[in-house]
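The model is shown first, and the criteria are given with the findings.

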Amino acid sequence: MQNQTMLLVFIIASYLIGSIPFGYIIGKLKNIDVRKKGSGNIGGTNVARNLGLKYGILVGILDVSKAILPIYIATPYFPIYGWEMAIISICPVIGHIFPVWLNFKGGKGVSTVAATLFMILGLKYSLIFLGLWIIMLLLIKIMSLNNLIIVLALPFLFWMKTHSYAYLILSFLYIILIWWVHRENIKRLIQGTEPRFIK
């Protein structure tokens, strides 16, 4: 019962931490609502476009941190590859995409997913994933398409590292979330109007 209560506390706290809209907050401090600029996203990329690179980097670091922190704090209390940690890992991502503070309209979750990957997969597999991501981006030259494709590798990487069915399920949930938040990008990709990251 105590473990269930602790898990519930971590789930709620992880979601609320993930919900902190750092991009929106920093934009407001500069008198800009980033939701009404550029892509309308509250992530670091759109912040960089509208406020400058240093603010975009700051938002990126903060978004990564809010995904890492709950996992780091929960590690002593739950088995690292158990279903409890799998649930806790996805909560900041859900919070970032559906933040309670912004009427459940947030970012695309790529940075928060990347942060949880580092915590779950460790340095070796994270570097493999990053290497694949960079190579594919150079070949594909479209950021959204690159993200949509590379995320499909997660079930393989998760299983190779954890051999945990909880994390295998988690990887498929990540795929569903990333594809869902990129649905407008998918429409533009089909129409051939999605902008290239590298020209």
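## Basis and criteria

Rings of Phe, Tyr and Trp (its six-membered ring) are taken to pair if their centres lie within 6.5 Å; planes under 30 degrees apart count as stacked, over 60 as edge-to-face and the rest as tilted. The model is predicted, so local features need pLDDT of at least 70 and side-chain atom pairs count only at pLDDT 80 or more, while totals for chains, interfaces and linings use all residues. Residues are numbered from 1 along each chain as its sequence is written, and side-chain values use heavy atoms, with hydrogens and water left out.

## Aromatic pairs

Across the whole structure, six aromatic pairs are found. One of them is edge-to-face: the ring centres of Phe-158 and Tyr-174 are 6.3 Å apart, with planes at 90 degrees. This pair links distant parts of the chain, 16 residues apart, with Phe-158 in helix α8 (residues 154-162) and Tyr-174 in helix α9 (residues 165-181); helices are DSSP runs (H or I, at least four residues) numbered from the N terminus. Both Phe-158 and Tyr-174 are buried, that is, under 20% relative accessible area, where exposed means over 50% and partly exposed in between (1.4 Å probe, protein chains only).

Trp-159 and Tyr-165 form a tilted pair, with centres 5.1 Å apart and planes at 50 degrees. Trp-159 is partly exposed at 29% relative accessibility, whereas Tyr-165 is exposed at 61%.

Ring pairs join Tyr-81, Phe-158, Tyr-167 and Tyr-174 into a cluster. Ser-89, in helix α5 (residues 83-97), is buried at 0% relative accessibility. Beyond four places in sequence, the residues that Ser-89 touches include Tyr-167 and Tyr-174; contact means heavy atoms within 4.5 Å.

Methods:
Helices (H or I, at least four residues) and strands (E, at least two) are DSSP runs, numbered from the N terminus.
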